[in-house]
Amino acid sequence: MSAVIKTPEEIEKMRVAGKLAAEVLEMIEPYVKPGVTTDELNTICHNYIVDVQQAVPAPLNYHGFPKSICTSVNHVICHGIPNDKPLKDGDIINIDVTVIKDGYHGDTSKMFFVGKPSIQGKRLSEVTQEALYIGIRMVKPGVRIGDIGAAIQKYAEGFNYSIVREYCGHGIGAEFHEEPQIVHYGKAGTGEALEAGMCLTIEPMVNAGKRHCKLLKDDWTVVTKDRSLSAQWEHTLLVTENGVEILTLRSDDTIERVIEHSA
């Protein structure tokens, strides 16, 4: 299978879905505080997506996933299932949102601090976000997936952090997960070359400890094997003729929506 090159009409639908996904993360921010449960956050997001946005939460019933968002707290790497355990001061949490509108997906996640984060939690989150930005700034036609992965890996490992290898970014469009896979480690000059019209996610998962992970008995929740903290940030991107457009940009992002490279 090869990457799906989007038509102008499809790109417009991707822009709409991406904007909606970003708006969910902006909407939920004030609710993320000590004492709230991830189940409550899930309900708020679900109702907003369905009732306000008139859209569909993609995770719900996706291969049996039981909730509308993923909530990954502290040492949970990804795919955390919302539950009735209250968040506490100092927790870090990734909220991962995917919205379907008119048949197209917008997929994005960000880290939230519950109350006052630990120095380590804050640092890990900031480094992971910058690793995402480093990857995004490289995107343009002709750049290879390995180039992006190598740059993200080098940056994160420069802080003695590690990159999760079992989970990766992906093509996205009418399908939740399309080709190609976007790994966040690797060797420059390897992998598929990006082409204008591709839509994809970059979503590095960075651990404060070792990179190894394990899947819990619920068959979804992925945690760090050494119980170290983990962080993740994600955007959905469009490869343009000479750069990249971030389809899920939020108002709190510190990177520009459209990045152009001179030839």
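Predicted model: local features only at pLDDT ≥ 70, side-chain atom pairs only at ≥ 80, totals over all residues.
Two packed helices are described by the angle between their axes and the distance between the axes. Helix α1, residues 8–28, packs against helix α2, residues 38–52, at an angle of about 135 degrees, and their axes lie 10 Å apart. Angles over 145 degrees count as roughly antiparallel, and α1 and α2 are therefore oblique to each other. Their crossing is right-handed. On the α1 side the contact involves E23, V24, M27 and I28, which meet L41, I44, C45, Y48 and I49 in α2. By class, the residues of this contact comprise eight nonpolar, no polar and one charged.

Next come strands β4 and β5. Strands of a sheet pair through backbone hydrogen bonds, either parallel or antiparallel. Strand β4 (residues 92–101) runs antiparallel to β5, and ten bridges join the two. Strand β5 spans residues 104–113, and nine of its ten residues are buried, so β5 is largely enclosed by the rest of the structure.

Helix α3 (residues 119–138) and helix α4 (residues 145–157) form another packed pair, with axes that come within 9 Å and cross at roughly 155 degrees. That angle makes α3 roughly antiparallel to α4. The crossing of α3 and α4 is right-handed. From α3, the residues V127, E130, A131, I134, G135 and M138 meet D147, I148, A151, I152, Y155 and A156 in α4. This contact divides into nine nonpolar residues, one polar and two charged.

The remaining element is an open sheet of three strands, in the order β6-β10-β13 and with antiparallel pairing. The edges are held by β6 (162–163) and β13 (230–232); each has a single partner strand, so one side of each is left without a neighbour in the sheet. Two bridges join β6 to β10, whose residues are 205–207, and these strands run antiparallel. I163 stands opposite V206 in β10. Helix α3 also packs on this sheet, where it touches β10 and β13. The direction of α3 makes about 35 degrees with that of β13.

Key:
Residues numbered from 1 in each chain as written. Heavy atoms only, no water. Axes fitted to C-alpha atoms, helices over the stretch in contact; angles between N-to-C directions. Helix = DSSP H or I, 4+ residues; strand = E, 2+ residues; numbered from the N terminus. Parallel < 35°, antiparallel > 145°, perpendicular 65-115°, else oblique. Left-handed = near helix turned anticlockwise from the far one by under 90°. Contact = heavy atoms within 4.5 Å. Nonpolar A, V, L, I, M, F, W, Y, C, P; charged D, E, K, R; others polar. Pairing = 2+ DSSP bridges. Buried < 20%, exposed > 50% of the residue type's maximum accessible area, 1.4 Å probe, protein only.
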